[in-house]
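Open the model in your viewer and follow the stops below in order. Each stop says what to select and what is there.

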Amino acid sequence: MSTSEFAVADDDSYMDYAGGDQTQPTSEILSALSVNSPVKTEPSSQTEPQLPPPSEYETLTAQLADSPHNPDGWRRLIRVAEDSGDIEKISATYDALLKQYPNNATAQIQYISHFVNDPSTFERATDLFKKFLIRSPCVELWIYYLNYVRRINVESTQRDDVRMSYEFALNHVGQDKDSGQIWGDYIQFLKSGQATTTWEEQQKMDALRKVYHRAVQIPLDNVERLWQELETFETNLNKITAKKFMADLSPAHMQARTVLRQLINHVTPLYASNSQELFLPSLPNSMRKWKAYLKWEESNPLEIEEKDKATLITRIQGVYRKAVIRMRYYTEIWFMAYTWTNSVGKHDEAMSILKAGLEANPSSFLLTFAYAEAMEIKKDFAEVHATYEKFLGILRANLETLELTTTSANTSFSSNAPGQNNGASNGNAPPNMSGGEPGSNNSSFNTQASDERPKKTTELQKHRTEYGLVWIMYMRFGMRAEGVKPSRAIFAKARRDRWTPWEVYEAAALMEYHCTEEISVASRIFERGLDTFGDEIEYVLRYLGFLISINDKNNARALFERVIPTFPPERARPLWERWARYEYQYGDLEASLKLEKRMAEVYSSDPPIKRLAQRHIYLGTDAIADRDLGFAIARRATTSSHPLMRTETSQSLMTSSQTSNAPPTQQAKRPASPDYRKREEGRGGEYSTGHKRPRPVSPPRGPERERETRWEGPSSRRRFSPAPPSSWERDEQGGGGPRRGREPLPPPRVQEREDDKSRQVQLPNILSWFIGELPTPSSFDGPVFRTDDLMNLFRNAVIPSTSGRPKSPPPPPPRSGGGRPPPDYGPYQGPTGGRGRRY
């Protein structure tokens, strides 16, 4: 018996004793102690470290099983497996890698390369080719496959198999820019064929012509060389027919060459420079270039006609297949591929794309909702239920992990500040709102206790709201597809979930009201949600708004009076404002004045004019603020000086009341009036010096600049400058010194520079965001013109005059060497047609 086994036995015996059961006799315990003495356990303790430590391969495998999104770890695991030389370990490693990153051509080629050198493993290589090729859009893998086919089919009787392999490859990837090598090899293969009769020779020429004609109309990387070869080939056969064939193909070939240049600009930034390195897609960061490239391909830049639509579909399909390989963790790319594939009628393949995208991104809202809707259209309701349940499970696990992380962070923070009161967060918790006994289980809706709710943090609350969105979509599906009972069953599951937010309760109540017209059921749902989310001001506002919308004024007033004492004044203001708005619109004046009196007790700093103005507002029209308080004039002035700046008009009435009720340390200063802000920001600016001639930007240099910037007293001024106004003289000289509360003015030029600094305008947030969204200059892929050529073109352009008589271009600039200017050979325009004309 080892030490650990004895410890377990000892613990069991202790538990038996604690439960009152009979323990072992004392003699047996002593004998066990003697058997398990420290001297006896030394050999067993010495044998434990003899276990071999885990190898690097095992360590990397375990790490990648926990965190598979680790490209560097996968590359290291591949190197370790390759260095071991164990073919089974290599196969297992590549299988795991290709499960995480499907259709990775580089990994597939490296995997197959272990089985193409030994004839005994050719069958394994063939099986891998069959497994990988059918879904692969990568030209590199197809080139490797064709080399393998030509290697094992060397007999003349097997040429037909090689030809079929080439056609098979070109039907899959022949539209790819990089497939030029396959086209060239295929042409050389056809040329190498032996023709013993005239008929065979003619068949050979026809086959070559067909392949050439197909290739030169595709934007291949070697399309120009293939065009030259075709021209030579046709000319050697017949010069007359060669001209006809080349003339017919020339428009399509020129279009292909034009598209090739655009294609290179799109594709070059998307791929790594070293194609031999194992590329593994990383987590999302940017996809703007990929989206632009895909949209460009969908626009049919080759102008393929409708009769060749299959060719266009094959081309775009290959592009999307490559995109989802390179951008595996970008859900928008998957959705674009699904949408396009579905639009061309390939519905089964579109569903396969959605499933593959969900496997790569199981927590994607976009792909999950799209897949659920697609299954709902097919009436596969069981699959929709399974999809939502699986998605909710994934999000629930993420929430649990995030809660543990947040809790550990908060624990470490609170350990550094032990004097804080941890119970303060529950000080404003409302009592039981249902009016029944606490903890009562009489209602079927009372299945979620408030003490089970997770703690609130910003990030956690955001994820929780998104989690509730899935429940809402799930209930919506149940209501529209299966009826009321399935939707209620889904809501019952949501109530038992501790992560369900208040939005689920509101959605369920409104769904009952609008779909079944059961007002009582909707009210019960709101009440049960109030038991759990009574401290959520947004939920209470929604409930109050619902009661007002159904004109249940008695219950609305009861709800308001019940919940308003449970919130502190700074949080309760939205409730006061919402109920006051209802009283102003549909209540009597006495009730409104009573409510205002209560609000004045809570918010003592609110001005009376604010309440009067709010009683006379409808649909945002506030005539008191605009006409009597001057907000319309201020708004026009502010808008004219800052057209992109957001202005506050009638809402300014609430500014002082909101800031006055804030804590003393958070009270803000009174905002400056628009006129004062305009004076401060526009001093000497757009509205004050627009009529003056602007000063030169660069200041004078040398001693003149020093003389102008030197302070010589308040009376010094520049020569020929206007005299200062009398008020300035009275303040600066006659007033017994400087003006009260002001410093002496600096020199004129120094003051101008300080004014320029103070007039520096900061861009509004919307402009800053817009400038940040603009592409970088390096992303410009349009034509680049030389400035000198453009200027020469404008200078030498013949612009017709209004009189209808043409004018000759102006003469070129005189030569630096001097001498007689060149003669003017322009058309003679009579005695008044220009001056100084001698010819």
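**Stop 1: the cores**

Select Ile333 and Met475: of the 98 residues in the largest nonpolar core, these two touch the most other members. A nonpolar core is a set of buried Ala, Val, Leu, Ile, Met, Phe, Trp, Tyr and Cys residues joined through side-chain atoms within 4.5 Å; buried means under 20% relative accessible area with a 1.4 Å probe, protein chains only. Next select helix α21 (residues 458–481), which supplies the largest share of this core, 10 residues. Helices are DSSP runs of H or I, at least four residues, and strands are runs of E, at least two, numbered from the N terminus.

The model is predicted: local features need pLDDT of at least 70 and side-chain atom pairs count only at pLDDT 80 or more, while totals for chains, interfaces and linings use all residues. Residues are numbered from 1 along each chain as its sequence is written, and side-chain values use heavy atoms, without hydrogens and water.

Stay on Met475 and leave aside its neighbours within four places in sequence: Met475 is in contact (heavy atoms within 4.5 Å) with Ser487, Ile490, Phe491, Val504, Ala507, Ala508 and Met511. Another core, of 66 residues, lies apart from the largest one; select Leu77, Ala81, Leu97 and Tyr166 among its members.

**Stop 2: a helix pair**

Select α25 (residues 537–549) and α27 (residues 569–586), whose axes are 10 Å apart at an angle of about 10°. Axes are lines fitted to C-alpha atoms over the stretch in contact, with angles from 0 to 180 degrees between N-to-C directions. The two helices α25 and α27 are therefore roughly parallel (angles under 35 degrees).

**Stop 3: everything**

Select the whole protein: 38 helices and 0 strands, with 34% of the 839 residues buried.

Notes:
Angles under 35 degrees count as roughly parallel, over 145 as roughly antiparallel, 65 to 115 as roughly perpendicular and the rest as oblique. Buried means under 20% relative accessible area, exposed over 50%, partly exposed in between (1.4 Å probe, protein chains only).
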